[in-house]
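Good morning, and thank you for the time. I would like to take you through one structure, and I ask you to keep the view open while I speak.

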Amino acid sequence: MADKRADHPTDPVPGFDTMAVRSGLERTHYLEHSEPIFLTSSFVFENAAQAAARFAGDEPGFVYSRASNPTVSAFQERLAMLEGAEACVATASGMSAIMATVMSLTANGSHVVAARELFGATLQMFKILERFGVAVDYVNVTDPGQWRAAVRPDTKLFYLETPSNPLTEIADLAAIGAIAREAGVLLVVDNCLCSPALQRPLALGADIVVHSATKYLDGQGRVLGGAVLGSRTFIEETLVPFVRATGPTLSAFNAWVLLKGIETLGLRMERQCANALALARWLEANPAVERVLYPGLESHPQHRLAMAQQSAGGAVIAFEVGGGDDETRRRRAWQVIDNCRLLSITANLGDVKTTITHPASTTHARIGPEARLAAGIGEGLLRVAVGVENVADLSADLARGLAAG
Ligand SMILES: Cc1ncc(COP(=O)(O)O)c(C=O)c1O
């Protein structure tokens, strides 16, 4: 069934929360209210001529779910609306979204400028790509001058996260975007920590947005998923042929879970950000805590920039327990974790359940001590991804380990 709004082009553009529950809907002849799941690997044709026309792209329609599927298309359309993107391709995980983006834009001999402060697996992926002749230079995400200085004639893209995981460092998207445009390279931004509910990088200077949909888009820690968003030309001419041929496709079932997750994205983010700000303030006042990094705190080194780019501080807090050598700091950090009875000890983030992790021994363990040092990830650092529980319960859970000394 066609979208009724299509017949009324002068109607005002719906707000974010309206789009989150209503965009991407195309009902079948059963007129179901909730989005259907199309769990099918392939689609049948009326006859051989139609099969040939569909394969050739001369006739619109679904062919095979590695290339496209109605439930996946609904998710793509909904997320594109929320990010303000022309087009979107969904993938099986955040890492496959990042890999497909970088590989489809580079070849042997290409150069990439990437932030030093990236999610551990993303750093590892760049190391793997170096084996295939892609050179990567790392710069400080907070210093636009370093991005400008790193540009080479063979640079194809800039890659960053803002806020970064786990230290919540903020990139100036307008400044780095302007440098990218001047140099003729594409700025790719991982918008995982904010989600479009808080930040829309395409409107701020980015060319391409990537997501780990596993995080806030799902919001309840159920499925893996990813997405790439950008111009219709990039998506249709560069990314789709790569994904169709290499197969990191999102399953229809996971797309359906993510579609339903997105429906409550705005509501969840509002509560999670409010909780995170309250918990960050509580941590800042705790004498056992050496440093708190949360973009919503006035003490965050880039608080003003964060508040100009984001509608709230997000739900990820990094904090350091201090004192002594690395061994002591690790012991104290692990003590906070081991005394938790409510917070989940898990490396995932974006869940309605609050999670806690020690990045140096989990998400950033594989990158090695040198890269960790360069990224500022010390042994005393803890990352809390705040959920929707009552803040008093979260602080009481953390207070036990912090008091243990
Ligand atoms: C910022 C960021 N980007 C990408 C990823 C990778 O996503 P996925 O686990 O869905 O592959 C993660 C996962 O934690 C992440 O935190």
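How do the residues of the shell around the ligand divide into nonpolar, polar and charged? Before I answer, please note that this is a predicted model. The shell divides into five nonpolar, six polar and two charged residues. In total, 13 residues surround the ligand, and the closest are S93, G94, M95, S212 and T214.

Let me step back to the chain as a whole. The domain assignment gives domain 1, residues 4-262, and domain 2, residues 266-403. Taken over C-alpha atoms, the centres of domain 1 and domain 2 are separated by 27 Å. Where the domains meet, 31 residues of domain 1 are in contact with 34 residues of domain 2. On the side of domain 1 that touches domain 2, the elements giving two or more residues are α1 (16-22) and α5 (120-130). The residues on that side of domain 1 comprise 15 nonpolar, 10 polar and six charged.

The peptide bond from T162 to P163 is cis, with omega near -5°. Phi of T168 is near 55°, a positive value in a residue other than glycine. Is T168 buried or exposed? T168 is buried, because 28 other C-beta atoms lie within 10 Å, and the cut-off for a buried residue is 20 or more.

A positive phi is also found at S195, where the value is near 65° and the residue is again not glycine. S195 sits in the loop between β5 (186-190) and α8 (201-204). S195 has 26 C-beta neighbours inside 10 Å and therefore counts as buried.

Next, helix α13, residues 326-338. Helix α13 has 13 residues and reaches 18 Å from its first C-alpha to its last, close to the 18 Å expected at 1.5 Å a residue. Which residues of α13 are buried? They are R329, R332, A333 and V336. These residues cover an arc of only 95° around the axis, and so they lie on the same side of α13. The general rule is that an α-helix has 3.6 residues a turn, so residues three or four places apart point the same way. The buried residues of α13 are covered by elements including β9 (316-321), β12 (381-385) and α15 (391-403). On the face of α13 turned away from its buried side are the exposed residues E327 and D338.

My last stop is T362, in the loop between β11 (355-357) and α14 (368-375). T362 counts as partly exposed, because it has 16 C-beta neighbours inside 10 Å. Which residues does T362 touch, not counting those up to four places away in sequence? T362 touches A347 and T357. The C-alpha atoms of T362 and E117 are separated by 16 Å, and the two residues are 245 residues apart along the chain.

That concludes my presentation, and I thank you for your attention.

How values were computed. Residues numbered from 1 in each chain as written. Predicted model: local features only at pLDDT ≥ 70, side-chain atom pairs only at ≥ 80, totals over all residues. Buried ≥ 20, exposed ≤ 12 C-beta atoms within 10 Å, placed from the backbone. Helix = DSSP H or I, 4+ residues; strand = E, 2+ residues; numbered from the N terminus. Near = placed C-beta within 6 Å. Nonpolar A, V, L, I, M, F, W, Y, C, P; charged D, E, K, R; others polar. Expected span 1.5 Å × (residues − 1). Arc of directions from axis to C-beta. Contact = placed C-beta atoms within 7 Å. Domains from an automatic or database assignment.
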